[in-house]
Amino acid sequence: MARIQIEGGVPLEGSVQISGAKNAVLPILMASLLSKQPCRLKNVPHLKDVTTTIELLAQMGAVVGLADQFTIELVADSVSHQEAPYELVKTMRASILVLGPLVARFGRAKVSLPGGCAIGARPVDQHLKGLEALGASVRVESGYIQATADRLKGAKIVLDTATVTGTENLMMAAVLAEGETLIENAAQEPEVVDLANCLISMGAEISGAGSNCIRIQGQAELAGYDYSVLADRIEAGTFLVAAAMTGGHVQARGAVPDTLDSVLQKLEQSGADISTGEHWIELNMHGRRPKAVDVSTAPFPGFPTDMQAQFTALNAIADGTGIVRENVFENRFMHVLELQRLGADMRLEGNTVIIRGVPKLTGAPLMATDLRASASLVLAGLVASDSTIIDRVYHIDRGYENIEEKLGQLGARIKRLPAG
Ligand code: UD1
């Protein structure tokens, strides 16, 4: 398996282009299933999860091609089997996002039930409950969710938890349902808004996306789309933390500041100077060591769980003691044990990790365990003395486009080692 090697100690300097948001690209690609007409998505990052999604859609019978390096074209007029098999769902849980579009357009779907995952149990009960409210009959059999319906009917759905992909799935189901749907306690993440904007461009009637109550007036059919996806706030946040940890000065081009308010606030508290424009964010640490910050994860607009591991790494080398609390997923601290191997002083207590910053980490071989945990190991490697080698980097490739190339452009001494 490929590995990444980092020689730490270089303050990052320069400008980096932020890619399209993985978590917006995936549902928007799935939304192509809602229309017979051609769809075209621009600003698509080169990520493993995108390849998996294309494979999934192609297996169903959609025609998928590349218009250019970052633009995908899809036509889902003839979809012959409405199924997401276990082999694909086990590598990417977001495959569950085909459920809503398939039932809405074809009246049937068979989707492997995602199992547990490295960061927690992650049930999909709210997706299923919402689909049932829209009139689908749903049963789970031999590890598969089987859903059938004649035409779905609009309904009022109150989610027990503000699930991101659950809200997206139900929004995609409701746009083709008969009548009005209200999703209450909806997720407010920017990626939900991006999907809603794309659906609106296809002719859907949606209001309230970005608030906790989304109202949808169903249509008999939808047109295709020609859409450019939002910038990835988590990738941008990760590069900004990298700059803060190394005492550097980095501009994240294409980043949308409004999607990162809670993260930017924490970076300022840690001592960074932040300046922003409509489509860029710049962080200057002026060579200073960051100050420890407390972080408590929450659904948007709260502090994102997908940035928790990166701030745990920042606190590892910060001045002072930081407390990081994970409230969204129950087992999202696998990076802690790996960071301790570099000399971090961290104590795990339930859903909280107490971190006493140390002036210096020392490089060691590490193992990536999940996507964002891996990012935190890369960040730690950037400040560790000596060499850090991270194994199982396929986790990173699921969500970060060319991470070693982009960090290399900012001066980091980082390279990918062939499988060994
Ligand atoms: C999405 C993101 C992921 C991010 C997460 C939280 C995508 C592809 N992935 O994941 O990067 O970390 O949001 O911001 O967009 N839950 C239930 N029942 C359900 C659904 C969820 O109990 O039916 C719980 C989960 O176990 C978790 C919480 O709700 O504790 C939030 O999960 P959810 O918002 O669904 O995460 P994902 O959509 O899977």
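Helices are DSSP runs of type H or I with at least four residues, numbered from the N terminus. The model examined here is predicted. Helix H4 spans residues 99-106. Gly107 follows H4 and has a positive phi, near 75°. H4 itself is mostly covered, with seven of its eight residues buried. The buried set consists of Leu99, Gly100, Pro101, Leu102, Val103, Ala104 and Arg105.

S18 runs parallel to strand S19 (residues 321-325), and two bridges join them. Ser296 stands opposite Arg325 of S19.

Four cavities reach 30 Å³ or more. The largest cavity has a volume of about 50 Å³. Which helices each supply at least two residues of its lining? They are H8 (233-246), H12 (371-383) and H14 (403-409). The residues lining the largest cavity are Thr238, Phe239, Ala242, Ala375, Val378, Leu379, Tyr400, Ile403 and Leu407. By class, eight of these lining residues are nonpolar and one is polar. No charged residue takes part in the lining.

Terms used. Residues are numbered from 1 along each chain as its sequence is written. This is a predicted model: local features need pLDDT of at least 70, side-chain atom pairs count only at pLDDT 80 or more; totals for chains, interfaces and linings use all residues. Side-chain values use heavy atoms; hydrogens and water are left out. Two strands pair if DSSP finds at least two bridges between them. Buried means under 20% relative accessible area, exposed over 50%, partly exposed in between (1.4 Å probe, protein chains only). On a 1 Å grid over the protein atoms alone, a cavity is a set of points where a 1.4 Å probe fits but cannot get out, and a pocket is an open set with protein on both sides within 12 Å along at least five of seven lines; lining residues have an atom within 4 Å of a point. Grid points are joined across faces, edges and corners, and a volume is the space filled by probe spheres set on the points. Ala, Val, Leu, Ile, Met, Phe, Trp, Tyr, Cys and Pro count as nonpolar, Asp, Glu, Lys and Arg as charged, and the others, Gly among them, as polar.
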